[in-house]
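Here is a short briefing for a first look. Please keep the sequence and the model side by side as you read.

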Amino acid sequence: MSEAAIEVVDAALRRVGAPALSYTEIAAGAAYFTKTGKDIEPGGEERAGEADAIFLGAIGLPSVRHADGTEISPHLRLRDRFGLYAGVRPVKAYPNAPQRLADPRAAGIDMVILRESTEGLFYSAAVHGRAEIIGDSEVRDTLRITRATTEKLHRFGFRLAQKRKARGHAGKLTCVDKANVFASMAFFRKIYDEIAPDYPDIATEYAYVDAQALNLIRQPWDYDVMVMENMFGDILSDLAGGLVGGMGMAACAEIGDGIGLFQPAHGSAPDIMGQDRANPLAAILSGALMLDYLAEKFGDDRLGDAAARIEQAVESGFAANRIRPMEFGGDMGTRAVTAEVLAQVAAP
Ligand SMILES: NC(=O)c1ccc[n+]([C@@H]2O[C@H](COP(=O)([O-])OP(=O)(O)OC[C@H]3O[C@@H](n4cnc5c(N)ncnc54)[C@H](O)[C@@H]3O)[C@@H](O)[C@H]2O)c1
């Protein structure tokens, strides 16, 4: 699937006359772990940090585990190491893709879940070894919210809402938390309140995460950008991805101060692996997010044009019913969907 994304990224750059990207490959994942006992090649993390951006394929297999029962997760270390606090997960309804809600307004779903990706409840995720394990009788995980990360996160959210507003969206940032019961979440909201006045053009709103799960089923078309703690974002972004089809549409960017990592939000889909059945669009749209990021990083509009070209190709392919992923009951596997996106990208 990464190959599909890279192929489409390269084609879009050629189409808009932008210079090609150069790639360095780093081995990682469950198959590599089975062979070598390491989840990423030696020096791989350092080399990833030298790049302008990281593109990560789906990693992991439920059958490949550490002795404590947890799965390999080098991507959590990459998030930690490079401070990739801003997890951007766009959720958009495409024409002719399945709508899980009967209400016709579901065709207008177009929102972003901004998931903090370095702390929250994932702070003590198994890979970091920070859980407090008291023999075989008790285990404590810690939910950590820091001012430094949360300030950056909320600013990122307000700026994202501004950028989207400039493209015709509502210009609203919803703070999703559980401030009614957790001190950490009240702190998260307090920092949101401190920062909001710097962005007077953006509408603000709060929601408790349990109510927000309900809201996302009842009226998802009302939301623009939602900012939340790591675990809440982990769960709500899958729910939201389901509203517009399934995991095969779930693109993801994880942005830090110095580098960005881009990957489909789904896993390795072991139930359909190697059968040319998986939907490559999450990976392809993650490639577009990477181009958008590089456009801003280097101030090169051509990269932004290439990103827009990919998004437009997916949109027009669905609209003309020329993209029909098997994931949605269609007749097109990974290769056929990729070929159609490539054709749309190259179209005059
Ligand atoms: N960032 C990552 O690399 C990442 C993220 C989530 C899970 N994982 C790993 O992936 C493995 C499988 O996890 P899982 O089954 O919970 O989640 P998954 O996302 O792989 O699959 C969940 C469901 O969605 C479907 N699906 C996922 N991607 C699809 C696509 N592109 N096209 C069509 N259908 C798709 C699968 O067939 C499955 O039914 C596990 O080892 C897990 O740890 C890795």
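This is a predicted model: local features need pLDDT of at least 70, side-chain atom pairs count only at pLDDT 80 or more; totals for chains, interfaces and linings use all residues.

Residues are numbered from 1 along each chain as its sequence is written.

**Sheet**
- Eight strands form an open sheet with mixed pairing, in the order E1-E10-E9-E2-E3-E8-E6-E7.
- Strands are DSSP runs of E with at least two residues, numbered from the N terminus, and two strands pair if DSSP finds at least two bridges between them.
- The edges are E1 (53–55) and E7 (203–208); each has a single partner strand, so one side of each lacks a neighbour in the sheet.
- E1 and E10 (residues 260–262) run parallel, joined by three bridges.
- Ala53 stands opposite Gly260 in E10.

**Helix H1**
- H1 spans residues 2–15, 14 residues in total. Helices are DSSP runs of H or I with at least four residues.
- Its buried residues are Ala4, Ala5, Val8, Val9, Ala12 and Leu13 (buried: 20 or more other C-beta atoms within 10 Å of its own, C-beta atoms being placed from the backbone).
- These residues cover an arc of only 165° around the axis, which puts them on the same side of H1. The arc is that of the directions from the helix axis to the C-beta atoms.

**Ligand surroundings**
- Of the 22 residues around the ligand, Gly60, Gly248, His266, Gly267 and Asn279 come nearest. A residue is near if its C-beta atom, placed from the backbone, lies within 6 Å.

Technical notes: The expected span of a helix is 1.5 Å times one less than its number of residues. A residue is buried if 20 or more other C-beta atoms lie within 10 Å of its own, exposed if 12 or fewer, and partly exposed in between; C-beta atoms are placed from the backbone.
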